[in-house]
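We will go stop by stop, with something to select at each one.

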Amino acid sequence: MTKWWEKNKSWARYTGGALLMEYSVGPATAQTDQNVLKVHVPLARRHGYAVINVYLPSLTMLMIGYLTLFFLKDNFEVRVMTALTTLLVMATLFSQVAASLPKTSYFKLVDIWLLFCIFSTFFIIVFHILIDVLRNRTKAHDRYDHLCHREILFTKERHELTRRLAPGPPHSDFVRLRKSSGLLHNPKEKRPAHSKRIRLRVSVAEMERFARIFMAIVFFIFNIIYWISAYAI
């Protein structure tokens, strides 16, 4: 039986389709080992399936999240909601891919790619929050400088009027000047004190520029290391 099988190895062949959904079937071989028949069917993974169903959708979502850094600074809700939507889509894609692949105790390359996309989108959201905080502080700082400038001008004009007017109750021109300058005392309005003046070391434009450059550099460095490691395996 063994000698007959060794002479007729070509008799065993795979008659099904060579191209499956995720794999391609190679030529089948068979051999005997102590009256045990062993059949070897090589399977090669098709890269097109992973590219179309995993890499292209996740890359598209990542690019949409990155483009939110170029939105107008005043549209904080739009920028954050767009980034959060891409993050949710990325998490859903990750769960679907993890459910369709065999379960392993180690990270697969596709897991590393999807986790990188998820964490990149998370850092983009963090940059949006930092940019919005800096923008609000810049507005408060500019408003405080404007109030200080008006108060200085008002003080100069008050001294000039005080010098020209006779002592007594405030003159109507003096009151009218205070109303026109907008500096009449309002108990509900809190003016920032000089000791609490906000001094910004980083501007909004600098933070935006840093976020764009940082995310782009991280993306390119990760892709270089990722694809070198993928083809080296």
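**Stop one: helix 6**

Before you go on, a word on what is on screen. This is a predicted model, in which local features need pLDDT of at least 70 and side-chain atom pairs count only at pLDDT 80 or more, while totals for chains, interfaces and linings use all residues. Residues are numbered from 1 along each chain as its sequence is written, and side-chain values use heavy atoms, with hydrogens and water left out.

Arg209 counts as partly exposed, at 47% relative accessibility. Draw a C-alpha to C-alpha distance from Arg209 to Leu69: the two are 140 residues apart in sequence and 9.0 Å apart in space.

**Stop two: the whole chain**

Zoom out. The protein chain has 6 helices and 4 strands, and from the N terminus on they run α-β-β-β-β-α-α-α-α-α. Of its 233 residues, 25% are buried. Contacts (heavy atoms within 4.5 Å) between residues 24 or more positions apart make up 66% of those with a separation of 6 or more.

**Stop three: the nonpolar cores**

Which residues have the most contacts inside the largest nonpolar core? Select Val97, Val110, Trp113 and Leu114, out of 20 residues in that core. (A nonpolar core is a set of buried Ala, Val, Leu, Ile, Met, Phe, Trp, Tyr and Cys residues joined through side-chain atoms within 4.5 Å.) At least two core residues come from each of helix 2 (47-67), helix 3 (76-100), helix 4 (109-164) and helix 6 (204-232). Helix 4 gives the most, with 7 residues.

Centre on Trp113 and show its surroundings. Leaving aside residues up to four places away in sequence, Trp113 touches Tyr55, Ser58, Leu59, Phe222, Asn223 and Tyr226. Then look for a second, separate core of 10 residues, which includes Leu69, Leu134, Val204 and Ala211.

While helix 4 is in view, click on Ser120, which is found there. Ser120 is buried, with a relative accessible area of 4%. With residues up to four places away in sequence not counted, Ser120 touches Leu62 and Met215.

**Stop four: aromatic rings**

Show every Phe, Tyr and Trp. Rings (for Trp, the six-membered one) pair if their centres lie within 6.5 Å; planes under 30 degrees apart count as stacked, over 60 as edge-to-face and the rest as tilted. By this rule the count comes to 18 aromatic pairs.

Select Tyr55 and Trp227, a tilted pair with 5.5 Å centre to centre and 45° between the planes. This pair links distant parts of the chain, with Tyr55 in helix 2 and Trp227 in helix 6, 172 residues apart. Is Tyr55 buried or exposed? Tyr55 is buried, with a relative accessible area of 14%, whereas Trp227 is partly exposed at 34%.

Move along to Phe210 and Phe214. Their ring centres are 5.6 Å apart and their planes at 20°, so the pair is stacked. Being 4 residues apart in helix 6, they are separated by about one helical turn. Phe210 is partly exposed at 46% relative accessibility, and Phe214 is partly exposed at 34%.

To finish with the rings, select the cluster that ring pairs build from Tyr55, Trp113, Phe116, Phe219, Phe220, Phe222, Tyr226, Trp227 and Tyr231.

**Last stop: a hairpin**

Select strand 2 (residues 29-32) and strand 3 (residues 37-40), which pair in the antiparallel sense over 4 bridges (two strands pair if DSSP finds at least two bridges between them). Thr32 has Leu37 in strand 3 as its bridge partner. The hairpin has 4 residues between the strands, and Gln34 takes a positive phi near 55°.

Key: Buried < 20%, exposed > 50% of the residue type's maximum accessible area, 1.4 Å probe, protein only.
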